[in-house]
Amino acid sequence: MKCTQGGNFSKGELQRFGNIELNPSAGVLNYGQGLFEGLKAYRKEDGNILLFRPEENALRMRLGAERMCMPSPTVEQFVEAVKATVLANKRWVPPPGKGSLYIRPLLMGSGAVLGLAPAPEYTFLIYVSPVGNYFKEGVAPINLIVEHELHRATPGGTGGVKTIGNYAAVLKAQSAAKAKGYSDVLYLDCVHKKYLEEVSSCNIFVVKDNVISTPAIKGTILPGITRKSIIDVARSQGFQVEERAVQVDELLNADEVFCTGTAVVVSPVGSITYKGNRVSYGVDGFGAVSQQLYSVLTRLQMGLTEDKMNWTVELS
Ligand code: PMP
C-alpha cells in the first residue's frame, strides 16, 4: 500500500514474501520515519483463526504516525489488510497450543528526501511468521536487570509510540544484559531515575497484597494493548488495579512482578537485579495473581472461553 504525504493509501495487494527495494535516501533509512505494530493470530480447535483486538493496533499506529509526521492507513484499511494477510497465510498458523502466527504491520517513509523533512511518500506493509515463546525460558520466570545509566525514552520524546528508533536505543543495554545471563532490561524514568518505566518490549506490573500496580502512561512508555487488556481482566476478576508512578524500591517488597506484551503474553518475573542486589520472587513459575490473569487472557485469545469482552475477531 502506498500513499504520498497527506494523501490516502491505495488498496493493497498480496505479494510473495521477499526483499523490497528502497531508494538510498528514503525517509525511513535516513531520518527514522518508521513505525511498526505486532499482533498474533491463534488457531482454535475448530480450525478457525482468532485475531486479538486488531483495531487497537490500528489506532496505536495512527497515533504514532501523527507524532512521526506520517500519514497512516485508516482503522478499516489496517484491519482489512491484517485479515487478508492472515487468511493468505492460514497454513502457517500453528495448531492449537503449538504457538501462534506473529503479524508485523510496518509503516515507513519510503519516498526519497535529502534535507531533513518528512518523506514525500509512504509504504504500509504486513508480513507474518509462526512463533513460539518469546523468552528462551518459555513461560518460566524471567530475570531482569534494572538499567540506571541508559534510558529508553525522555519526556517529550517518542517513547510512547512504536517507532523503530526506540528499539535501536535499547539494543546496547539489552545485549549487555543478555551477555550477563539476564532475560531483559527494566528501564527507569530519566528525570528522577527512581520510577519504573517498562522492559525493552513489554510493560511491567507489580503485585503487593493483591493490589496490582503498573506505571501510568505519560508519553514515555508504550501503551501496551496487553497491558490495557490485563487491567480490564484483573478488574473484572475483582482485583484493585492502580496506574500510577511505581518506585523502583517497591520491587523489594513486591509479592509478584510480571510483564505483559503481545510477544511475551504474561510472563512472570523470577528475579530483578538492581545496583548489584538481586530480589527473587519464587522459582517455580507464576505467582497466584499472574497465573490467574495469564489463564483468563490466553483462554480468551485462543478461543477456549466465551469472549464476553468482544475482543477477538474470528476468521475462517
Ligand atoms: N512496551 C514496548 C516497548 C513494546 O515494544 C511492547 C510490544 N509491543 C509493549 C510494551 C507491549 O505492548 P503490546 O501489549 O501492545 O504488545
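Colleague: Where does asparagine 210 lie, and why is asparagine 210 called exposed?

Modeller: In this predicted model, asparagine 210 lies in the loop between β10 (203-208) and β11 (211-215). A residue counts as exposed if 12 or fewer other C-beta atoms lie within 10 Å of its own, and asparagine 210 has 12 other C-beta atoms within 10 Å, so asparagine 210 is exposed.

Colleague: What is the phi of asparagine 210?

Modeller: Although asparagine 210 is not a glycine, its phi is positive, at about 70°. Most residues other than glycine have a negative phi.

Colleague: Which loop holds lysine 275, and how do you know whether lysine 275 is buried or exposed?

Modeller: Lysine 275 lies in the loop between β14 (265-274) and β15 (277-280), and lysine 275, which is not a glycine either, has a positive phi of about 50°. Because lysine 275 has 8 C-beta neighbours inside 10 Å, and 12 or fewer is the condition for being exposed, lysine 275 counts as exposed.

Colleague: What makes valine 269 buried or exposed, and where is its place?

Modeller: The place of valine 269 is in strand β14. The cut-off for a buried residue is 20 or more other C-beta atoms within 10 Å, and valine 269 has 27 such neighbours, so valine 269 counts as buried.

Colleague: Which residues are in contact with valine 269, leaving aside its neighbours within four places in sequence?

Modeller: With those neighbours set aside, valine 269 is in contact with Pro141, Ile142, Leu144, Val257, Phe258, Cys259 and Tyr281. As for alanine 288, valine 269 is 19 residues from alanine 288 in sequence, and the two are 13 Å apart in space, C-alpha to C-alpha.

Colleague: Why are α5 and α7 called roughly perpendicular?

Modeller: The axes of α5 and helix α7 (residues 288-301) come within 10 Å and cross at roughly 110°. Angles of 65 to 115 degrees count as roughly perpendicular, and therefore α5 and α7 are roughly perpendicular to each other. The crossing in which α5 passes α7 is right-handed.

Colleague: Which residues meet where α5 passes α7, and of which classes are they?

Modeller: From α5 come Ser229, Ile230, Val233 and Ala234, and these meet Leu293, Val296 and Leu297 in α7. The residues of this contact divide into 6 nonpolar, 1 polar and no charged.

Colleague: What makes α2 oblique to α3?

Modeller: For helix α2 (residues 54-67) and helix α3 (residues 75-88), the axes come within 9 Å and cross at roughly 130°. Since roughly perpendicular ends at 115 degrees and roughly antiparallel requires over 145, the angle makes α2 oblique to α3. The crossing of α2 and α3 is right-handed. Pro54, Glu55, Ala58, Leu59 and Met61 of α2 make the contact with Val75, Phe78, Val79 and Val82 of α3, and the residues of this contact divide into 8 nonpolar, no polar and 1 charged.

Colleague: Which residues come nearest to the ligand, and which elements give two or more residues to the shell around the ligand?

Modeller: There are 13 residues around the ligand, of which Gly224, Ile225, Thr226, Gly261 and Thr262 come nearest. The elements that give two or more residues to this shell are α5 (225-236) and β13 (256-261), and the largest share, 3 residues, comes from α5. By class, the shell holds 3 nonpolar, 8 polar and 2 charged residues.

How values were computed: Residues are numbered from 1 along each chain as its sequence is written. This is a predicted model: local features need pLDDT of at least 70, side-chain atom pairs count only at pLDDT 80 or more; totals for chains, interfaces and linings use all residues. A residue is near a molecule or strand if its C-beta atom, placed from the backbone, lies within 6 Å of it. Helices (H or I, at least four residues) and strands (E, at least two) are DSSP runs, numbered from the N terminus. Ala, Val, Leu, Ile, Met, Phe, Trp, Tyr, Cys and Pro count as nonpolar, Asp, Glu, Lys and Arg as charged, and the others, Gly among them, as polar. Axes are lines fitted to C-alpha atoms, for helices over the stretch in contact, and angles run from 0 to 180 degrees between N-to-C directions. Angles under 35 degrees count as roughly parallel, over 145 as roughly antiparallel, 65 to 115 as roughly perpendicular and the rest as oblique. A crossing is left-handed if the near helix is turned anticlockwise from the far one by less than a right angle, and right-handed if clockwise. Two residues are in contact if their C-beta atoms, placed from the backbone, lie within 7 Å.
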